[in-house]
Amino acid sequence: LVVVCIPPLQRVLFGDAAPLRPLTGAMAAMGEAAIPLTMITLGGSLSRGPGEATAVLGKGRVLGVCAVRLVLSPLIGTAVVLGMGAAGAPVGNGSDDPLLQLLLLVHHCVPTAINLATIAHVRGHSTAEVAALIFWQYVAFAFVSPFVLTGFVRLIVFA
């Protein structure tokens, strides 16, 4: 954001004649590798299963977190998206782009991002518990997602 606001800094970092162009190329290469590395990390976390952390958290907490993230959050997100559409924003019912609507709705129903596990690991706090919660969210998502996604598509197509 700072680079965008300062044109001389833009010329130093971006463009064919920019003196620091290799630096921006290196940052772009690292950015392109971030998602595959995150997926590998997620796969490694999920392959070990929830471990003993589920017992530490208790089944009630695990079910509560899964219910909030996979049921309540989509309901709130749907209300927000439809409310924005009703307020005149180019989303929700009446939008020219149903794919945008679906993307905005799906964003609210996916399990917690692996970035949360990374933050817990870096901070050294509740790493096993966060990994267990993410594991159970992905397991529950396999059963919840067909219903939620079908509801979203019906909402977009028939609204």
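Let me start with Phe135, which touches Leu46, Gly49 and Pro50, leaving out residues up to four places away in sequence. Before I go on, please keep in mind that this is a predicted model. Phe135 belongs to helix α8, and at a relative accessible area of 15% it is buried, because the cut-off for that is under 20%.

Now, what does α8 pack with? Helix α8, residues 127-158, packs with helix α5, residues 59-86, at an angle of about 30 degrees, and the axes are 9 Å apart. So α5 is roughly parallel to α8, as angles under 35 degrees count that way. The crossing of these two helices is right-handed.

If you have the structure open, have a look at the contact itself. From α5 come Val62, Val65, Cys66, Arg69, Leu70, Pro74, Thr78 and Leu82, and they meet Leu133, Trp136, Gln137, Ala140, Phe141, Val144, Val148, Phe152 and Leu155 of α8. Sorted by class, that contact has 14 nonpolar, two polar and one charged residues.

Let me finish on α5, with Ser73, which is found in that helix. Is Ser73 buried or exposed? Its relative accessibility is 17%, so Ser73 counts as buried. The Ser73 side chain reaches the backbone oxygen of His108 at 3.0 Å. Setting aside neighbours within four places in sequence, Ser73 is in contact with Val68 and His108.

Thanks, everyone!

Terms used:
Residues numbered from 1 in each chain as written. Predicted model: local features only at pLDDT ≥ 70, side-chain atom pairs only at ≥ 80, totals over all residues. Heavy atoms only, no water. Axes fitted to C-alpha atoms, helices over the stretch in contact; angles between N-to-C directions. Helix = DSSP H or I, 4+ residues; strand = E, 2+ residues; numbered from the N terminus. Parallel < 35°, antiparallel > 145°, perpendicular 65-115°, else oblique. Left-handed = near helix turned anticlockwise from the far one by under 90°. Contact = heavy atoms within 4.5 Å. Nonpolar A, V, L, I, M, F, W, Y, C, P; charged D, E, K, R; others polar. Buried < 20%, exposed > 50% of the residue type's maximum accessible area, 1.4 Å probe, protein only. Polar contact = N/O pair within 3.5 Å; in protein donor to acceptor, adjacent residues only side chain to side chain.
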